[in-house]
Amino acid sequence: MKQLTHYDIENNQQEFPITIVCDTIRTPENIGMCFRISESFGVSKIYLHESSPSVDNRIVKKTARNTIQQISHNTYNNFEQLIHQLKEEGNTIIGIEITDESIDISDYDFCTHSKIVLLLGSERNGIENINLVDATVAIPMYGRNSSMNVIHSLAIALYETTNQLKEKNLK
């Protein structure tokens, strides 16, 4: 067995109709990792709140590596206005959040939507206005802790979403 390097690997590059909205994520490491994980999963675009650390932040750039240049991104200042705009553009807004109506992420059918927004709530307060989403999905957890890091949740959600969309495209 030989461990492969970056030069040995050719990814099957693909872009999915997935947009990420970061609802006032505060830590630069989380913003940087959002870019890095989103680029890895073929996300189309990322929206960051204007009060979140900027893509020019040294820690954001270090954590994101070169992915900031590889993925489209924009900032917003009005959460409700952005969500309404994305809905008008044909997106389904899916919050990654634990609510009394959340669906287990593996039971949610992402393939029924042509354009998907995965909405990440802030580390401290969750999603600003949960009533604007079309659905919420939750990641089953089996330990004592009731939540996980926002970017770990994003990675799991992107894995599930892209797997479902990829399978749909193979049929």
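**Pockets and sheet**

Me: How many nonpolar, polar and charged residues are in the lining of the largest pocket?

Reply: The lining has seven nonpolar, 13 polar and five charged residues. Nonpolar means Ala, Val, Leu, Ile, Met, Phe, Trp, Tyr, Cys or Pro, charged means Asp, Glu, Lys or Arg, and the others, Gly among them, are polar. This is a predicted model: local features need pLDDT of at least 70, side-chain atom pairs count only at 80 or more, and totals for chains, interfaces and linings use all residues. Numbering runs from 1 along each chain as its sequence is written, and side-chain values use heavy atoms, without hydrogens and water.

Me: Which residues lie nearest the centre of the largest pocket?

Reply: A pocket is an open set of points on a 1 Å grid over the protein atoms alone, where a 1.4 Å probe fits, with protein on both sides within 12 Å along at least five of seven lines; lining residues have an atom within 4 Å of a point. Here 25 residues line it, with N11, Q13, E39, S40 and F41 nearest the centre. Helix 1 (28–40) and helix 4 (150–170) each give two or more of them (DSSP runs numbered from the N terminus: helices H or I, at least four residues; strands E, at least two).

Me: What is the order of the strands in the open sheet?

Reply: Strands pair through backbone hydrogen bonds, either parallel or antiparallel. The seven strands run 3-2-1-6-4-7-5, with parallel pairing (at least two DSSP bridges between two strands). Strand 3 (72–76) and strand 5 (103–104) are at the edges with a single partner each, so one side of each lacks a neighbour in the sheet. Two bridges join strand 5 to strand 7, and I103 has V137 of strand 7 as its bridge partner.
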